[in-house]
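Good morning, and thank you for joining this group meeting.

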Amino acid sequence: MKKPICLITGVGAGTGASVARRFAKGGYQVAMLARNRDRLVELENEIEDAKAYPCDISDLDALQATIKSIQSEMGTPSVLVHNAVAATFKTFLEADPEDLERNFRVNTTTLLYLARALAPAMVEAGDGAIMVTGNTAALRGIPTYAVFAPSKAAQRILAQSLARDLGPKGVHVAYITTDAAINAPWLGDDTQKPSWLKPPPSWKNKPEDYFSNPNAIADEVFHIAHQDRSTWSFDHIIRPYAENW
């Protein structure tokens, strides 16, 4: 039998790569989307039944063309994991208003486009899953999240709207919030840190399990995507044991 297909956006070195590995291990063909072509090719060579689709998903025309390529070359995905994220950590006076537009497009608008492209086939099959990875910016606003949190809150509400629409039609939609710093490869390496990430001094000398393990996050995403339909859930908040909440 042909393996099912999982489409994953935002396949970076952390959570995205771990999710790709977990679904491949779970018997899926994996379509991996991200901007970094070299990293995707490395993962394609590493992960069995994974295929790289370099794409800047904020370019909606490119996104739609990429989805059509996946459908033509691999088949119709039965699982979508929307893991891509655009973030800006500045106050409303410091940030460029265009950052809000960019963040909204990557975090929320692309979810709408992906769902419109993939959900109809899931509904027709009476089976499928749409998993959206989020963080607590979707639940609260703080000064430095002024142009980030609104896009994540909108993303969560869109996912909830999809869940209430698609659930009765056999498609499971869930929102998975990680309330923690994620132990990505670049976390402790100043040479690899994104320019927008300035870890607080309190992160130094913390034990490894103070941060969320991307492989453990991937296990949760896989589990939720395969819940028995008699016990589907929507909101999940996961955090390390030491996280203060």
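This is a predicted model: local features need pLDDT of at least 70, side-chain atom pairs count only at pLDDT 80 or more; totals for chains, interfaces and linings use all residues.

Setting aside residues up to four places away in sequence, Ile-130 touches Leu-80, Leu-111, Ala-115, Met-122, Leu-166, Val-171, His-172, Val-173 and Ala-174. Apart from the core to which Ile-130 belongs, there is a second, separate core of 30 residues, and Ala-24, Ile-47, Ala-52 and Ile-224 are among its members.

Which residues touch the most other members of the largest nonpolar core? They are Leu-7 and Ile-130, in a core of 34 residues. Two or more residues come from each of β1, β2, α3, α4, β5, α5 and β6. The greatest contribution is that of α4, with 7 residues.

I turn now to the sheet. It is open and has 7 strands, in the order β3-β2-β1-β4-β5-β6-β7, with parallel pairing. Why is one side of β3 and of β7 left without a neighbour in the sheet? These two strands, at residues 50-54 and 235-238, stand at the edges and each has a single partner strand, so one side of each has no neighbour there. From one strand to the next, the twist averages 15°.

Within β7, Ile-238 is the bridge partner of Thr-178. Helices also pack on the sheet. Helix α2, residues 37-46, touches β2 and β3, and its direction makes about 170° with that of β3. Helix α4 touches β1, β4, β5 and β6, and makes about 175° with the direction of β4.

My last topic is the aromatic rings. A search of the whole structure finds 6 aromatic pairs. In one of them, the ring centres of Phe-89 and Tyr-145 are 5.5 Å apart and the planes lie at 35°, so the pair is tilted. This pair links distant parts of the chain, with Phe-89 in the loop between β4 and α4 and Tyr-145 in the loop between β5 and α5, 56 residues apart.

Phe-89 also forms an edge-to-face pair with Phe-148, at 5.4 Å centre to centre and 80° between the planes. Is each of these two residues buried or partly exposed? Phe-89 counts as partly exposed, at 30% relative accessibility, whereas Phe-148 counts as buried, at 2%.

Finally, Phe-23, Tyr-28 and Phe-222 form one aromatic cluster, and Arg-22 lies over the face of Phe-222, 3.9 Å from the ring centre. Thank you for your attention.

Definitions and conventions. Residues are numbered from 1 along each chain as its sequence is written. Side-chain values use heavy atoms; hydrogens and water are left out. A nonpolar core is a set of buried Ala, Val, Leu, Ile, Met, Phe, Trp, Tyr and Cys residues joined through side-chain atoms within 4.5 Å. Buried means under 20% relative accessible area, exposed over 50%, partly exposed in between (1.4 Å probe, protein chains only). Helices (H or I, at least four residues) and strands (E, at least two) are DSSP runs, numbered from the N terminus. Contact means heavy atoms within 4.5 Å. Two strands pair if DSSP finds at least two bridges between them. Axes are lines fitted to C-alpha atoms, for helices over the stretch in contact, and angles run from 0 to 180 degrees between N-to-C directions. Rings of Phe, Tyr and Trp (its six-membered ring) pair if their centres lie within 6.5 Å; planes under 30 degrees apart count as stacked, over 60 as edge-to-face and the rest as tilted. A charge sits over a ring if NZ of Lys or CZ of Arg is within 6 Å of the ring centre and within 35 degrees of the ring normal.
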